[in-house]
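Okay, morning everyone, let me get this up on the screen.

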Amino acid sequence: MPEMRFLKTKDERLTDTLDYVKANLSTVDWQEMVDEVNKLSANQQSTIGGMLSLGATGSSADRTTNREPRRAKRALMLATRLFLTDPAFLAIELARVKVLPETSEPDLLAEMRSWFTIPGVTPGMVADDALANIASMPNWQNVNVPPSLAVRGQYKQGAAYEFNCYNAVVFWAFQAGAISRRFLFNKLHGQDGNHFFPVFSSCGWLTDIEYKLATPPELVTNKFGTGKWIVPKGMAVYFVTPHKVFGHVALSLGDGRIISQNAVIPAFPDKIKDEDRVAVTEMNHAKTHIIQIKHFWDIHYNPQNGYHKLQHTATGFWEAFLVAER
């Protein structure tokens with residue numbers, strides 16, 4: 001009688017993982033993973049097959065019960081291996097994923113799907129999604145989005161989930177599906193504003209308001225004229241100061257308002273309008289808020305406070321990158 005074999009070979013494990021992906025992701029996403037695997041040598045594929053081994057965790061009954069969650073975990077590990085480019089970050093992330101609980105297939109699938117974009121997402125859809133979920137946003141903190149904790153469809157509170165203003169714009173694009181974990185890990189993770197600024201700049205900036213910082217400040221550009229300050233929906237809005245790379249970045253809602261992640265006490269409290277009292281209280285407490293662009297300029301981000309320019313991105317910032325990079 002031939003010896004019974006319970007463990008998959010490395011090749012079988014990799015094949016089974018791709019089969020799981022095919023059954024649970026779109027054909028486009030599955031094909032991208034297949035193509036990435038096919039770029040690797042036979043030895044590299046074998047190494048990945050070995051990496052996908054989860055070991056004999058739990059009892060035999062547990063492993064039978066949790067068969068599909070374990071397959072989902074392998075799929076998440078494979079996506080991580082294929083799309084995270086920094087070797088140091090990759091090692092840390094694979095170690096994190098390998099010890100995730102094997103009891104919830106939906107949670108593991110949500111993480112895996114976060115490595116892919118959603119086709120057809122427009123800047124306007126990003127703005128709509130940000131507005132719809134404003135009550136679920138974590139508070140402002142001057143750090144980056146933690147990519148390991150970023151799962152599309154999940155908003156969590158607490159210090160571990162907080163981030164700053166330009167990361168909020170990135171987070172909203174991620175949640176809507178315009179970008180994925182690839183962008184968070186490969187473009188943003190470990191970078192400060194000075195290094196991340198070129199990401200926004202890749203799509204180009206359009207200047208709406210500009211002052212020459214003199215005494216008194218001299219207006220040299222005003223694209224709004226005497227009308228409402230309206231920036232196209234879903235564009236990043238940038239309040240510029242020459243004193244540092246990033247002043248403040250928010251997201252346009254397309255009607256003269258922005259959704260903003262910030263923690264600031266307005267420099268000119270006498271300019272605060274009654275309609276903005278709630279927004280100002282929220283920003284004082286590091287909570288996400290909505291305010292008119294012009295009103296924000298008047299109460300804080302203006303030449304008298306060292307901010308000499310208002311710009312917005314020419315497109316959704318992610319549109320400057322290949323889909324595979326997003």
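Here's one to start with: which backbone oxygen lies 3.0 Å from a polar atom of the side chain of Thr 313? That would be the backbone oxygen of Thr 315. Before I go on, the ground rules. This is a predicted model, so local features need pLDDT of at least 70 and side-chain atom pairs count only at pLDDT 80 or more, while totals for chains, interfaces and linings use all residues. Residues are numbered from 1 along each chain as its sequence is written, and side-chain values use heavy atoms, with hydrogens and water left out.

Back to Thr 313, then. Thr 313 sits in strand S7; helices (H or I, at least four residues) and strands (E, at least two) are DSSP runs, numbered from the N terminus. Its side chain also reaches the backbone nitrogen of Ala 236, at 3.0 Å. Both of those are polar contacts, meaning a pair of N or O atoms within 3.5 Å; within protein, one must be able to donate a hydrogen and the other to accept it, and residues adjacent in sequence count only if both atoms are side-chain atoms. Thr 313 is buried, at 0% relative accessible area. Buried is under 20%, exposed is over 50%, and partly exposed is in between, using a 1.4 Å probe and protein chains only. Leaving aside neighbours within four places in sequence, Thr 313 is in contact (heavy atoms within 4.5 Å) with Phe 200, Cys 203, Gly 204, Trp 205, Met 235 and Ala 236.

Next, Ser 180. Ser 180 is in the loop between helix H9 (165-176) and helix H10 (181-188). Is Ser 180 buried or exposed? Buried, again with a relative accessible area of 0%. A polar atom of the Ser 180 side chain lies 3.3 Å from the backbone oxygen of Trp 115. Leaving out neighbours within four places in sequence, the contacts of Ser 180 include Ser 114, Phe 116, Arg 152 and Arg 326.

On to charges. The structure holds 17 salt bridges, where a salt bridge is a side-chain nitrogen of Lys or Arg within 4 Å of a carboxyl oxygen of Asp or Glu. One of them joins Arg 96 and Glu 111, with the closest N and O atoms 2.8 Å apart. Arg 96 is in helix H6 (residues 87-98) and Glu 111 in helix H7 (residues 105-113), so this pair ties together parts 15 residues apart in sequence. Arg 96 is partly exposed at 22%, whereas Glu 111 is buried at 9%.

Then there's Lys 187 with Glu 325, where the closest N and O are 3.4 Å apart. That pair links distant parts of the chain, 138 residues apart: Lys 187 in helix H10, Glu 325 in the segment after strand S7 (309-313). There's a network too: salt bridges link Asp 16, Arg 67, Glu 68 and Arg 71. Within it, Arg 67 and Glu 68 meet at 2.8 Å, N to O.

Last stop, helix packing. Helix H1 (residues 10-24) and helix H2 (residues 27-38) pack at about 155 degrees, axes 9 Å apart. Axes here are lines fitted to C-alpha atoms, for helices over the stretch in contact, and angles run from 0 to 180 degrees between N-to-C directions. Where do they touch? Leu 14, Leu 18, Val 21 and Lys 22 in H1 meet Trp 30, Met 33, Val 34 and Val 37 in H2. Okay, over to you.
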